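Trainee: Could you take me through this structure step by step, starting with the terms I will need?

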Amino acid sequence: MGSTEQARKETAQAIREACINYGFFYLDISSHVDAIETEELVRLAREFFVLPQEEKDRLSLRNEDHARGYSRLGQSITAGKVDKHEELDFFRPVENPDKTKVCWGNNQWPTVEGFWDKYKIWIEKMKVLGRVVMEAMAEGLGLTAEERETLRSLVNGSFWAMGVIGYPPLPDDHDGISFGSHKFLHTDSTPGALQVYLHKLPNNDNNSEYAGKGQWINVDPIPGCVVCNIASMFEIWTNGLYKSTLHRVIHKGTNYRISIPFFFEPNFNALVEPLPSVIALTESINEEQLGRTYEPVVYGEFLVKKVKNNFLPDIGKYA
Ligand SMILES: O=C(O)CCC(=O)C(=O)O
Ligand SMILES: [Fe+2]
């Protein structure tokens, strides 16, 4: 075993490779989170989802800013298609909430006993984890001290989001999708549901049958681990070196699947733009990237646009 410094380097390197080749990686969080905690979150989520529909609808997104609250089966759409899941969404609380502004309302917590207490603790843990993972992801990018500081300052008031998602199984002969292809992800132990699309298998993958062709691969849950997914803002920071990979859920089988994604996002007002050191790096590594620089975005503007695109036209004023 090497020194702490050595271990740090090796971890940074492993993360870097996973981010470049897959856009996804498993992260063992068992030293940060006890398995009992996640089981409890899943139990509380189930307790909410088994409530009568009218009860769940009381927390409807429509009561609030159309981003925070409950969306029933068939209410959410991804890439123009209706998804087969129900979901509770929460975002960072804001000062002076105003539900007429997208994403600027109040969170709607279920009255299920213990729900808020347990999820509140989880959110704090995921915020810490978000910062740590971000540092680890940045470590392999060769950033200057100033760039690291910039990154930190852009997430110090992270406009995090969290979903608590319930997936009834799709009928066996159903060719639909539970969650269309489109981050920290904790899921219950359902194999085969979450899938990630690899456009090009990494060169070191020995599977010659698929070499050069894209394919969906299963991301089965591993006990004690979350699945980390590169999202759009990291893709911009790294000028496309770390890609936000397509993923989807096709949940068949017999159980009602729960997943609890946590999205560690930049501050609402953060200006996200490619980091100069990484622009140089992408040009030397990624041929497709040559000469292309990602456009900067303000995170909050990106988010509001995305939320507006996510709902069916007849349900809200944002459509
Ligand atoms: O349920 C899952 O495993 C995936 C959920 C997901 O991708 C998302 O909420 O963005
Ligand atoms: Fe996702």
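Mentor: Let us begin with a definition: buried means under 20% relative accessible area, exposed means over 50%, and partly exposed covers what lies in between. Please keep in mind that this is a predicted model.

Trainee: With those cut-offs, is Y256 buried, exposed or partly exposed?

Mentor: The relative accessibility of Y256 is 23%. Since buried means under 20% and exposed means over 50%, Y256 counts as partly exposed.

Trainee: And is F49 buried or exposed?

Mentor: For F49 the relative accessibility is 6%. Because buried means under 20%, F49 counts as buried.

Trainee: How are the planes of the rings of F49 and Y256 arranged: stacked, edge-to-face or tilted?

Mentor: A pair of aromatic rings is described by the distance of the centres and the angle of the planes. The ring centres of F49 and Y256 are 5.9 Å apart, and their planes stand at 45 degrees. Planes under 30 degrees apart count as stacked and those over 60 as edge-to-face, so the pair of F49 and Y256 is tilted.

Trainee: At what angle do the axes of helix α1 and helix α4 cross?

Mentor: Helix α1 spans residues 4-21 and helix α4 residues 115-139, and their axes come within 7 Å. The two helices are roughly perpendicular to each other, with the axes crossing at roughly 85 degrees.

Trainee: Which residues of α4 meet α1?

Mentor: On the α1 side, the contact involves R8, A12, I15 and C19. The residues of this contact divide into 5 nonpolar, no polar and 2 charged. Those on the α4 side are A136, M137 and E139.

Technical notes:
Residues numbered from 1 in each chain as written. Chains lettered and ligands numbered in written order. Predicted model: local features only at pLDDT ≥ 70, side-chain atom pairs only at ≥ 80, totals over all residues. Heavy atoms only, no water. Axes fitted to C-alpha atoms, helices over the stretch in contact; angles between N-to-C directions. Helix = DSSP H or I, 4+ residues; strand = E, 2+ residues; numbered from the N terminus. Parallel < 35°, antiparallel > 145°, perpendicular 65-115°, else oblique. Contact = heavy atoms within 4.5 Å. Nonpolar A, V, L, I, M, F, W, Y, C, P; charged D, E, K, R; others polar. Phe/Tyr/Trp six-rings, centres within 6.5 Å; stacked < 30°, edge-to-face > 60°. Buried < 20%, exposed > 50% of the residue type's maximum accessible area, 1.4 Å probe, protein only.
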